[in-house]
Amino acid sequence: MERVFNLDDQHVFAEISGDYNPIHTDPAYARRSTYGKPVVHGINLMLWALDCVLVKKNNINVESLSILFRKAITIGEKVKCHLKQVNDSQLIIVIESSNSES
């Protein structure tokens with residue numbers, strides 16, 4: 001699956017989560033940051049990745065999650081969700097951005 005997160009997505013997620021950090025929602029603030037534009041909420045990205053899993057594998061039982069954020073994903077960046085089956089009980093979700101693997 002592919003997706004491009006936009007500023008509206010960040011405002012909706014901020015409303016749901018209560019995370020109004022301007023790095024996610026304010027382009028003027030984010031422009032002065034390391035990233036130069038708003039960053040996708042990490043938990044929003046993770047929830048989208050889990051949704052990708054459920055679309056591809058509808059009979060799954062999540063017992064634990066381990067998450068590693070290697071780099072920030074900024075709005076406007078195309079991301080792709082890839083699944084890697086490690087064994088019968090372990091699945092790795094890889095989010096690849098248009099810039100590099102995340």
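Is Q10 buried or exposed? In this predicted model, where local features need pLDDT of at least 70, side-chain atom pairs count only at pLDDT 80 or more, and totals for chains, interfaces and linings use all residues, residues are numbered from 1 along each chain as its sequence is written. Side-chain values use heavy atoms, with hydrogens and water left out.

Q10 is buried, with a relative accessibility of 0%; buried denotes under 20% relative accessible area, exposed over 50%, and partly exposed the range in between (1.4 Å probe, protein chains only). The residue belongs to helix α1, which spans residues 7-17; helices (H or I, at least four residues) and strands (E, at least two) are DSSP runs numbered from the N terminus. The side chain of Q10 makes a polar contact of 2.8 Å with that of H41. Such a contact is a pair of N or O atoms within 3.5 Å; within protein, one must be able to donate a hydrogen and the other to accept it, and residues adjacent in sequence count only if both atoms are side-chain atoms. When residues up to four places away in sequence are not counted, Q10 touches F5, H24, T25, V39, V40, H41, N44 and I75, contact being defined as heavy atoms within 4.5 Å.

Helix α4 (42-56) contains V53, which is buried at a relative accessible area of 4%. Beyond four places in sequence, V53 touches I60, L83, L91 and I93. The C-alpha atoms of V53 and I92 are 9.7 Å apart in space, although 39 residues separate the two in sequence.

I60, one of the residues touched by V53, is located in the loop between α4 and β2 (78-87) and is partly exposed, at 33% relative accessible area. Together with L54, V62, L65, I67 and F69, I60 forms a nonpolar surface patch of about 530 Å² accessible area. Patches comprise residues with over 30% relative accessible area and no salt bridge, like charges being joined within 9 Å and nonpolar side chains (Val, Leu, Ile, Met, Phe, Trp, Tyr) within 5 Å. A salt bridge is a side-chain nitrogen of Lys or Arg within 4 Å of a carboxyl oxygen of Asp or Glu. Areas follow the Shrake-Rupley method with a 1.4 Å probe; for residues, only the protein chains shown count as cover.

A search of the whole structure returned 0 disulfides, a disulfide being a pair of cysteine sulfur atoms within 2.5 Å. The cysteine sulfur closest to that of C52 belongs to C81 and lies 3.4 Å away, too far for a bond. C52 is buried, with 0% relative accessible area, and C81 is likewise buried at 2%.
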